[in-house]
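Let's take a walk through a protein model together.

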Amino acid sequence: MWKWLHPYAKADRAYQLCNTLLPYFIVITVVCLVVGWVWGLAFAPADYQQKDSYRIIFIHVPSAILSMGAYSSMAIAAIVALVWQLRNAELAVIAIAPVGAAMTAIALITGAAWGKPMWGAWWVWDARLTSELILLFLYLGVLSLYHAFEDKKAAGKAACILAIVGVINLPIIHFSVEWWNTLHQGATITKFDTSAIDPSMLWPLFINIAGFAGFVGVISLIRLKNEILQREKHRPWVRSLVSRG
Amino acid sequence: MQFESFSDFIAMGGYGFFVWLSYGSCAAILAGILIGSINDSKKLKKEVKAQMLREERIKKAKEEARV
């Protein structure tokens with residue numbers, strides 16, 4: 001049933017697949033980010049309590065969601081790489097990690113810039129903030145572990161294991177606002193009953209989430225292509241690809 | 001449109017610094033990783049091309065030495 005997937009274990013087929021997918025991701029990203037930013041900054045109504053400072057939500061929440069989403073995809077790729085010994089999956093782990101780290105950094109920076117006017121502090125050692133900071137270190141750990149080994153086989157294995165072990169941090173981040181008495185507010189849109197946010201603000205938020213997800217896809221695809229080229233640079237298919245232009 | 005004028009838009013009801021700090025740093029990080037990734041791929045392709053040219057030169061030199 002899943003046999004159609006098998007050819008994509010080959011590096012050149014995976015590279016072609018990246019090329020096929022990339023344009024769609026670029027279109028989604030550009031459209032959603034332009035619409036989302038303009039809508040969020042200029043057209044969404046101001047919050048009755050936080051006034052215009054709340055507009056940071058339109059990049060803070062998407063980047064925070066994607067920092068965890070990217071980590072989940074990276075961990076799934078790591079499991080696939082370890083269980084089925086697929087080298088492409090290993091390369092995907094290394095391709096996703098940088099953009100995941102970027103999402104985490106954006107979530108932390110925008111959170112600080114929102115915390116200062118609302119809480120009166122750039123940073124507090126609150127459970128949500130601290131666990132998100134640990135997520136950033138996990139991403140950087142996976143990357144530096146991979147680059148610390150000369151032997152890329154051992155490097156890939158070590159990075160994959162760290163990526164899988166780090167999954168424990170995801171439920172901690174998600175439930176930190178419930179388990180501990182945090183300064184950070186609880187969930188806004190993922191509550192199962194009615195959402196705590198008005199549609200006039202929810203729509204631009206959704207569009208921005210789609211835009212950030214698209215961006216993570218674009219960067220992951222570009223970097224996966226790079227990793228495949230790097231690994232396969234002595235192979236004939238890479239040479240004919242490069243000489244074709 | 002929620003704002004009366006462009007300067008109102010920049011001021012963000014007094015929160016301009018924090019809002020633009022967030023959006024600015026976000027844009028910088030997104031642009032940074034995008035440009036970095038594209039540069040990497042250009043550099044890689046250039047490297048492969050240079051290696052191919054090098055091998056061709058070595059091959060040619062060997063042939064000339066034989067003659």
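Is Gln85(A) buried or exposed? Gln85(A) is exposed, because 11 other C-beta atoms lie within 10 Å; a residue counts as buried with 20 or more other C-beta atoms within 10 Å of its own, exposed with 12 or fewer, and partly exposed in between, with the C-beta atoms placed from the backbone. Before we go on, two notes. This is a predicted model, where local features need pLDDT of at least 70 and side-chain atom pairs count only at pLDDT 80 or more, while totals for chains, interfaces and linings use all residues. Residues are numbered from 1 along each chain as its sequence is written, with chains lettered from A and ligands numbered from 1 in the order in which they are written.

Back to Gln85(A): look for it in the loop between helix 2 and helix 3 (87-119) of chain A. Helices here are DSSP runs (H or I, at least four residues), strands are runs of E (at least two), and both are numbered from the N terminus. Gln85(A) has a positive phi of about 55°, though it is not a glycine. Most residues other than glycine have a negative phi. Lys51(A) also has a positive phi, near 55°, and sits in the loop between helix 1 (11-43) and helix 2 (57-84) of chain A. Lys51(A) counts as partly exposed because it has 14 C-beta neighbours inside 10 Å.

Now slide along to helix 4 (residues 127-148) and helix 6 (residues 169-179) of chain A, which pack at about 160° with their axes 8 Å apart. Axes are lines fitted to C-alpha atoms, for helices over the stretch in contact, and angles run from 0 to 180 degrees between N-to-C directions. Helix 4 and helix 6 of chain A are therefore roughly antiparallel (over 145 degrees; under 35 is roughly parallel, 65 to 115 roughly perpendicular, the rest oblique). Where they meet, you'll find residues including Leu135(A) and Leu138(A) from helix 4 and Ile172(A) and Ile173(A) from helix 6; contact means C-beta atoms, placed from the backbone, within 7 Å.

Finally, chain B has 2 helices and 0 strands. Its C-alpha atoms fill a box of roughly 80 × 20 × 15 Å along the principal axes. Of the 67 residues of chain B, 15% count as buried. How does chain B meet chain A? 27 residues of chain B are in contact with 34 residues of chain A, and helix 2 (residues 16-66) of chain B gives the largest share of chain B's side, 20 residues.

Terms used. Two residues are in contact if their C-beta atoms, placed from the backbone, lie within 7 Å.
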